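This report concerns the side-chain contacts, the nonpolar core and the open space of one protein model. Please consult the sequence and the coordinates alongside the text.

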Amino acid sequence: MTEFGSSTCPTGDVVESAVKGCVDEAGQAGELVTTLRDLGRNYPWVPVAMVYEAQDEPDASGGAAERSFGLFEASGNGTNWTEKPAVAAIRELYTRSGEIRRGRN
């Protein structure tokens, strides 16, 4: 699997958000965790799945949707990055998955 993700278009860009299928940050977290969990359960032959992408790209061309796929968003002057909820959700998924594999519930 190459890459997958969900864009968190800025809420002020209602038209583009509706057209591009953007989600809010909680929706992004849920979609990413669901996909990763499903891959692990149903496709064990897929050793790697890349989340697109690490950080938002405030200067990227392609509109708000293309700029907002990141797990981290720019804050301040664009040199500081803040975790979106997806980071904690993925961290929890992998922590919990490790506990389950070690026989803990």
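The model is predicted, so local features are given only at pLDDT of at least 70 and side-chain atom pairs only at pLDDT 80 or more, whereas totals for chains, interfaces and linings use all residues. Residues are numbered from 1 along each chain as its sequence is written, and side-chain values use heavy atoms, with hydrogens and water left out.

**Nonpolar core**

In soluble globular proteins, nonpolar side chains tend to be buried together. Here the largest nonpolar core has 10 residues: F4, A29, L32, V33, L36, L71, A86, V87, I90 and L93. Such a core is a set of buried Ala, Val, Leu, Ile, Met, Phe, Trp, Tyr and Cys residues joined through side-chain atoms within 4.5 Å. Two or more of the core residues come from each of α2 (25–42) and α4 (85–101); helices (H or I, at least four residues) and strands (E, at least two) are DSSP runs, numbered from the N terminus. Leaving aside residues up to four places away in sequence, A86 is in contact with Q28, A29, L32 and L71, where contact means heavy atoms within 4.5 Å.

**Aromatic pairs**

A pair of aromatic rings is described by the distance of the centres and the angle of the planes. Rings of Phe, Tyr and Trp (its six-membered ring) pair if their centres lie within 6.5 Å; planes under 30 degrees apart count as stacked, over 60 as edge-to-face and the rest as tilted. The whole structure holds 2 aromatic pairs, as tabulated.

| Pair | Centre to centre | Angle between planes | Arrangement |
|---|---|---|---|
| Y43 and W45 | 5.4 Å | 85° | edge-to-face |
| Y52 and F69 | 5.2 Å | 65° | edge-to-face |

The pair of Y52 and F69 links distant parts of the chain, 17 residues apart: Y52 belongs to the loop between β2 and α3, and F69 to the loop between α3 and β3 (72–75). F69 is buried at 17% relative accessible area, given that buried means under 20%, exposed over 50% and partly exposed in between (1.4 Å probe, protein chains only). Y43 is partly exposed at 40%, while W45 is exposed at 63%.

**Salt bridges**

The model contains 2 salt bridges, each defined as a side-chain nitrogen of Lys or Arg within 4 Å of a carboxyl oxygen of Asp or Glu. One joins K84 to D56, with an N to O distance of 2.9 Å. Because K84 lies in the loop between β4 (80–83) and α4 and D56 in the loop between β2 and α3, this pair ties together parts that are 28 residues apart in sequence. Both K84 and D56 are buried. In the salt bridge of E83 with R91, the closest N and O atoms are 3.1 Å apart; E83 is partly exposed at 40%, and R91 is partly exposed at 45%.

**Residue E57**

E57 is placed in the loop between β2 (50–51) and α3 (63–67). Its C-alpha atom is separated by 4.7 Å from that of R67, 10 residues apart along the chain. Not counting residues up to four places away in sequence, E57 touches Y52 and R67. E57 is partly exposed at 32%.

**Largest pocket**

The lining of the largest pocket comprises 20 residues, of which L36, R37, G40, Y94 and S97 lie nearest its centre. On a 1 Å grid over the protein atoms alone, a pocket is an open set of points where a 1.4 Å probe fits, with protein on both sides within 12 Å along at least five of seven lines; lining residues have an atom within 4 Å of a point. α4 gives the most to this lining, with 8 residues.
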